[in-house]
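The sequence and structure come first.

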Amino acid sequence: MLRTLLLVTLLGALGAASAGALPRSYRFSRTISRAVLESYLSRAVTAMDLCTGRGNLDDNIRMLRSIGAKFAGRALYLWGDESGLGWRLERAAEIARKLHAADPDMILQAGIFEVVTRQVEKVTIPPRVFQEFGLAPEERSFRYADMLFPSGRFKDHWGPDASVPDITRLETRMWFFHLASSYIDAGMEGIHFGQVALIGADDTGNERWWELLTRVRRYAAAHARRRMVLCDAHTPDGGPRHGENLLFDFHAFPLRIKEVPGEPRKGVLEVGYLDSIFGRSSGGVTPSGWRCESLPYLVELDNWGSSGKGGQGGLSYWTWGYDEISWFARQPAAYRDSWLRYAWRWVREHDPNGYLQMPMSRCLADPVDGVVWYLANRRSNATPDGFGQEDAIGAIWREDD
């Protein structure tokens, strides 16, 4: 009887920890428990370009510490412009050191996205990449053509000489490994892999994705700050697996904000709307070895471009003609604050596996009064174009403690 009571108590404690009822912990090494993972996801922000110098670094550090953020997403990435990788890595390593001096527990996330351009041919392949794949080192750069789908699928998908890379091509996996290992060396402990379904369109059984992620995790075990890297991606299918093994440590997806007919500019969330992830995050065995029925995930105010029809309703995947962050940024300040509170509560109530990734820094495809970047910082001399959601974010999280 006593053993049964102890077991029930332990299971209850574990469940409470994942729901945020117990004090959060940010300690991990080589593997991460569900409770620690959810501690991080519950304090996640999108901090686009944080580690390449977007905004005022001192003010960004002040805000991150003030609101209690522990996971800074999209802090370092490429979208094309591969020839600029070198300076980005140098700058990111410098900023990461300052961020980790301010908060050693902070996870900084890099991004490897569904695009490669001909500029990749200006990037020299280091010997370690050849050696990782069992090849003799050569003096050469990456080859753009060798990363593309042999059928021509997705060629120039993003414009001339800007295509979706094919994960089944060895050159793509070498390029992705080079990016991932370089990001880890710069202090990143998370990597977002973008639209895996596009990159892996020809990857039967996710075999090549599994191979690449195994290599990346092995490198992290030897070189990362805490001997692991948290990998995620946008998962419209709910999350890919390799057998019973989940590819990613957590899942991620856009919010998919639904227009409210007759109430121009208003947006709500709804289970089952378009391809939203609510209630659909796949389960299985995680890379850290624990099993779940549904993997924890983040939902974010995504950016993807301009429809050219801002303010117009009825356009699928757009909210009143805007991508999600551009829609959000042009709302009145009081509505932005209240909408974040609404979205946080809605996600937690409708799927306890999900967490809202708060917007901190993100590009605006449709500028607001000439401002091309959303920053949540309160407006000040340091951040004169701040949109001012930091106090609302901090209050929402404090109420969740």
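## Helix α4

Helix α4 covers residues 85–102, 18 residues in total, and spans 25 Å from its first C-alpha to its last. This is close to the 26 Å expected at 1.5 Å a residue, where the expected span is 1.5 Å times one less than the number of residues. Helices (H or I, at least four residues) and strands (E, at least two) are DSSP runs, numbered from the N terminus.

The model is predicted: local features need pLDDT of at least 70 and side-chain atom pairs count only at pLDDT 80 or more, while totals for chains, interfaces and linings use all residues. Residues are numbered from 1 along each chain as its sequence is written, and side-chain values use heavy atoms, with hydrogens and water left out.

## Buried face of α4

The buried residues of α4 are L85, R88, L89, A92, A93, I95, A96, L99 and H100. Buried means under 20% relative accessible area, exposed over 50%, and partly exposed in between (1.4 Å probe, protein chains only). An α-helix has 3.6 residues a turn, so residues three or four places apart point the same way.

These buried residues of α4 pack against α3 (57–67), β2 (71–77), β3 (107–111) and α6 (170–185); contact means heavy atoms within 4.5 Å.

## Q109 in β3

Q109 belongs to strand β3 and is buried, at a relative accessible area of 3%. Apart from neighbours within four places in sequence, Q109 is in contact with F71, A72, G73, R74, A75, L76, M188, G190, I191, H192, D232 and F250.

## Helices α10 and α11

The axes of α10 (residues 333–350) and α11 (residues 390–400) come within 9 Å and cross at roughly 30°. Axes are lines fitted to C-alpha atoms, for helices over the stretch in contact, and angles run from 0 to 180 degrees between N-to-C directions. The two helices α10 and α11 are therefore roughly parallel to each other (angles under 35 degrees).

From α10, D337, L340, R341, W344 and R345 meet A392, I393, A395, I396, W397, E399 and D400 of α11. The residues of this contact divide into 7 nonpolar (Ala, Val, Leu, Ile, Met, Phe, Trp, Tyr, Cys and Pro), no polar (the others, Gly among them) and 5 charged (Asp, Glu, Lys and Arg).

D81, in the loop between β2 and α4, has a positive phi near 50° and is not a glycine. D81 is partly exposed, with a relative accessible area of 33%.

D369 lies in the loop between β16 (354–368) and β17 (371–375). Its phi is also positive, about 50°, although D369 is not a glycine. D369 is exposed, with a relative accessible area of 80%.

How values were computed: Angles under 35 degrees count as roughly parallel, over 145 as roughly antiparallel, 65 to 115 as roughly perpendicular and the rest as oblique.
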